[in-house]
Amino acid sequence: MAARKGRRRARETGEPMEAESCDPGSAGPTQVYLPGRGPPLGEGEELVMDEEAYVLYHRAQTGAPCLSFDIVRDHLGNNRTELPLTLYLCAGTQAESAQSNRLMMLRMHNLHGTRPPPSDGSDEEEEDEEDEEERKPQLELAMVPHYGGINRVRVSWLGEEPVAGVWSEKGQVEVFALRRLLQVVDDPQALAVFLRDEQAQVKPIFSFSGHMSEGFALDWSPRVPGCLLTGDCLKNIHLWMPTDGGGSWHVDQRPFVGHTRSVEDLQWSPTEDTVFASCSADASIRIWDIRAAPGKACMLTTATAHDGDVNVISWSRREPFLLSGGDDGALKVWDLRQFKAGSPVATFKQHMAPVTSVEWHPQDSGVFAASGADNQITQWDLAVERDPEAGEAEADPELAALPQQLLFVHQGETDLKELHWHPQCPGVLLSTALSGFTVFRTISV
């Protein structure tokens, strides 16, 4: 099956691969490489990319690595599948010195699909060389200085105004207006003027220092424009409500009380204006309702959701499901209609290190992706069931041992931190890691 090819992935240079011999005299067959399963690479073996497993694959670097980014919704249309693609991202750096950090707007464009294997013939080779120049991916970058590393970035639109919520390692949460940055990455002349004359003057339009600690958890409400939640490493969660006129917020100084350790992630309900979920290093997941006083707003709790820290959660836009990933490497699906029972409806164990990011597919209700500190990105589909007549189990017992819902394993990034599906380009997945950004679409999703 085509989806099975997606499980052959891994390579230090970032391209998913199959193992094959480097010995010219060897006639050994190409073998599937399964991270964490089966024998490691032997002497004389290397990992080579199976480009047929990808519809789209590009990489980009921006200097200092980015711990977090968000996709900026654009006006180029929804359900875009025609190539080449254009994408907009907002990201924040984690540089070696506080003064060297930047908040960035990236415009990636001319993103073509992977090429079919070249055929014989000198004429075609010459045409391919000419075509290669036209197919080169392009990147425009508008940066503004930011004192301190950026732990998390989340983008929202307040009417026609795009803004970014930014968690700083210095303990502040800031809101930046993004309109000017979006304008200049579309116009090379305007970008040159901006970088020369304007970037140093860009300041946040609002800032909150009441957390008394740095943090990572941050989420804009998908239902109430401008409504924001922020959570810190001292277990506190604060609610931000926009004030009349826009551009300013009232931050409730009374924190939501319940967690006993760092709040790692926050997710607003996609269907209820006042409900949100949180996860924590105390191993719990909690459901809250902001209509209650902050000290009494926790409505439901699963005290031991994971064996250790719960790092990330994602609330499905299409089903009453919450997805979580923890330090234990497990991925768990929680049915919120049965949350009181304290048991997930599904648990998957493919990652061999802490899970660093999870996200449901924006269109396909059963599909999600996850990244881990084991440098794997996995794609899953809850609806998949193994075909008992396929006979693959007899042919390859290692493949048969994989969870049947596992569609694809992408490897090769270094120190993966965060991933997002593009909400307007079905199946396109983006990730950030120490090795840079990756944009890809697999044959499986």
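The side chain of N311 reaches the backbone oxygen of V355 at 3.0 Å in this predicted model. A second polar contact, of 2.8 Å, joins the side chain of N311 to that of D327; a polar contact is a pair of N or O atoms within 3.5 Å, of which, within protein, one must be able to donate a hydrogen and the other to accept it, and residues adjacent in sequence count only if both atoms are side-chain atoms. N311 is found in strand 20 (residues 310-315); helices (H or I, at least four residues) and strands (E, at least two) are DSSP runs, numbered from the N terminus. At 12% relative accessibility, N311 counts as buried, where buried means under 20% relative accessible area, exposed over 50%, and partly exposed in between (1.4 Å probe, protein chains only). Not counting residues up to four places away in sequence, N311 touches E264, D265, C279, G325, G326, D327, P354 and V355, contact being defined as heavy atoms within 4.5 Å.

Residues are numbered from 1 along each chain as its sequence is written, and side-chain values use heavy atoms, with hydrogens and water left out. As the model is predicted, local features need pLDDT of at least 70 and side-chain atom pairs count only at pLDDT 80 or more, whereas totals for chains, interfaces and linings use all residues.

N110 is buried, with a relative accessible area of 18%. A polar atom of the N110 side chain lies 2.7 Å from the backbone oxygen of K136. Beyond four places in sequence, the residues touched by N110 are P84, L85, E134, R135, K136, P137 and Q138.

The structure holds 19 aromatic pairs; rings of Phe, Tyr and Trp (its six-membered ring) pair if their centres lie within 6.5 Å, and planes under 30 degrees apart count as stacked, over 60 as edge-to-face and the rest as tilted. One of these pairs, W220 and W249, is tilted, at 6.1 Å centre to centre and 55° between the planes. W220 lies in strand 12 (residues 215-220) and W249 in strand 15 (residues 249-251), so the pair ties together parts that are 29 residues apart in sequence. W220 is buried, with a relative accessible area of 6%, and W249 is buried at 5%. W249 also forms an edge-to-face pair with W240, at 6.5 Å centre to centre and 70° between the planes. F206, F208, W220, W240 and W249 form one aromatic cluster.

An open sheet is formed by 4 strands in the order 16-17-18-19, with antiparallel pairing. Strand 16 (263-268) and strand 19 (298-302) stand at the edges with a single partner strand each, so one side of each is left without a neighbour in the sheet. Strand 17 (residues 275-280) and strand 18 (residues 285-289) pair in the antiparallel sense over 5 bridges; two strands pair if DSSP finds at least two bridges between them. F276 stands opposite W288 in strand 18.

The mean pLDDT of the protein is 89, and 86% of its residues reach 70 or more; pLDDT is the predictor's confidence in each residue, from 0 to 100. Over residues 1-27, pLDDT stays under 50. Where pLDDT is low, the predicted coordinates should not be read in detail.
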